[in-house]
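Work through the exercises below with the model open. Try each task before you read its solution.

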Amino acid sequence: MNEMMQMWGLFALLTVLAALFVVMPFFRRDKLVAVDHDANAERIDIYQQRLQELADELANQRIDQSSHDESVLEMKRRLLNELSPERTLDTRGNNLVLAGTGVAFLLVVSAVFYSFTGSQKQISDWYKAIDMLPEYGQRAVMQTGDPLSPNELQAFALGLRTKLANSGDDAVAWMLLGRVAMSLNDFEMAMQAFDKALEMQPNNSNVKVSYAQALLVEGSENAMNRAARMLSQVLQREPRNIDAISLLALIAYERQDWKESKAAFEVLLASMTQDDPRYAMIKQRITDLDQKLSSAQVAQPAMPENGLQVSVSLANELADKIPENSTLFVFAKAAQGPPMPLAVAKLTDFNLPLSVNLDDSMAMMPNLKLSGFKEVVVTARISVDGNVALQSGELEGATQTITMTPEAQQVAVTISRVITSTGS
């Protein structure tokens with residue numbers, strides 16, 4: 001309300017100044033009026049006397065008619081100029097009328113111009129949003145009354161931003177602003193608001209769950225990894241947080257990690273009663289996941305007869321460091337011998353963890369095969385440029401020395417370090 005009073009006060013001040021600008025010229029003219037009645041009467045007497053003299057001169061033929069007429073005209077002009085202050089004695093009333101007309105015209109033109117080009121509706125909506133902020137908060141948070149319409153959500157967001165600008169940081173207000181922004185599909189503003197809330201309350205589970213939802217909508221690999229880390233942090237503090245479990249189930253499903261997704265959905269199902277409207281949907285999702293798991297087992301590549309089946313995973317702390325458009329290389333080199341890889345698998349579309357087979361069919365040179373060496377080291381590297389050559393910023397992990405056997409072997413490698421230089 002104070003802002004409204006200040007605005008109207010400034011508007012009134014500008015109106016007064018504009019009116020003075022219009023009115024002052026008329027009143028300054030009146031200040032020039034200085035009437036001396038005796039002096040005017042004397043001028044008129046002199047004029048009459050001079051007229052008589054000219055008439056006498058014309059009668060005595062001292063001047064001709066043309067000169068007489070010119071002299072009379074010049075005398076009239078002089079008299080009018082000398083008597084002009086007296087003629088302005090009656091213009092004060094006219095000046096007031098003209099000044100009033102000018103002010104009225106100024107006000108009318110200003111009002112019409114402002115009605116077409118001004119922001120009075122936006123200002124009115126702004127103050128209404130501030131006044132309605134408590135009611136919008138109750139309807140949004142306490143679920144009382146009708147749900148907020150899109151226009152009301154916009155007003156709620158405007159009111160929250162005004163509150164935060166006027167009263168400083170408020171973690172609850174930032175969290176509400178983030179949720180309202182998500183409802184308005186403004187996920188950039190939502191994530192900025194959640195960042196502010198987490199700066200003030202780093203362990204707020206509700207903020208982290210809402211933030212994870214916004215990241216899932218973004219859908220990038222880095223965003224999903226960040227969401228998974230946030231949800232894991234929530235579950236460490238609140239192991240039975242249903243919202244976090246359900247979001248983790250969705251993340252695992254998007255990554256086609258059917259086993260992890262099924263486990264999360266089973267936890268959700270166990271927390272619900274059969275009359276819950278979500279029960280049937282989650283149960284059907286678990287059934288679908290059972291079918292996917294069965295299909296995946298059938299499609300799992302067989303163990304190579306004389307090679308390695310490598311399980312590749314990624315360390316949690318590197319989950320958000322996977323480069324965009326990266327390539328995964330899994331290769332085996334001789335522990336003691338030539339630097340050329342003995343077998344290489346290249347994947348441009350991958351989701352970790354995964355399994356890949358290395359065998360003699362993947363040899364880069366006919367005389368350098370996996371079966372030709374007794375000891376090897378298996379390396380998994382996420383490349384930034386699609387080239388197996390080492391580059392700064394790439395992610396890598398390697399096994400200890402593996403002794404080859406005639407039978408197929410299973411090995412595991414975890415990508416756990418960032419290459420900081422080509423010499424590291």
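A crossing is left-handed if the near helix is turned anticlockwise from the far one by less than a right angle, and right-handed if clockwise. Helices are DSSP runs of H or I with at least four residues, numbered from the N terminus. This is a predicted model, in which local features need pLDDT of at least 70, side-chain atom pairs count only at pLDDT 80 or more, and totals for chains, interfaces and linings use all residues. Residues are numbered from 1 along each chain as its sequence is written, and side-chain values use heavy atoms, with hydrogens and water left out.

**Exercise 1.** Describe how α10 packs against α11.

*Solution.* 
- Step 1: Find the helices. α10 covers residues 205-218 and α11 covers residues 221-237.
- Step 2: Take the axes, which are lines fitted to C-alpha atoms over the stretch in contact, with angles from 0 to 180 degrees between N-to-C directions. These two axes come within 8 Å and cross at roughly 160°.
- Step 3: Classify the angle. Under 35 degrees counts as roughly parallel, over 145 as roughly antiparallel, 65 to 115 as roughly perpendicular and the rest as oblique. α10 and α11 are therefore roughly antiparallel.
- Step 4: The crossing of α10 and α11 is left-handed.
- Step 5: List partners in contact (heavy atoms within 4.5 Å). Among them are V209, L215 and L216 in α10, and M230, L231 and V234 in α11.
- Step 6: Sort the residues of this contact: 11 are nonpolar, two polar and three charged. Here Ala, Val, Leu, Ile, Met, Phe, Trp, Tyr, Cys and Pro count as nonpolar, Asp, Glu, Lys and Arg as charged, and the others, Gly among them, as polar.

**Exercise 2.** At what angle do α10 and α12 pack, and which residues meet?

*Solution.* 
- Step 1: α12 spans residues 242-254. Its axis lies 10 Å from that of α10, at an angle of about 20°.
- Step 2: That makes α10 roughly parallel to α12.
- Step 3: α10 passes α12 in a left-handed crossing.
- Step 4: V209, A212, Q213 and L216 of α10 meet D243, A244, L247 and I251 of α12.
- Step 5: The classes are six nonpolar, one polar and one charged.

**Exercise 3.** Which way does α9 run relative to α10?

*Solution.* 
- Step 1: α9 holds residues 187-200. The angle with α10 is about 150°, and the axes are 10 Å apart.
- Step 2: That makes α9 roughly antiparallel to α10.
- Step 3: The crossing of α9 and α10 is left-handed.
- Step 4: The contact includes F187, M191 and F194 of α9, and V207, Y211 and L215 of α10.
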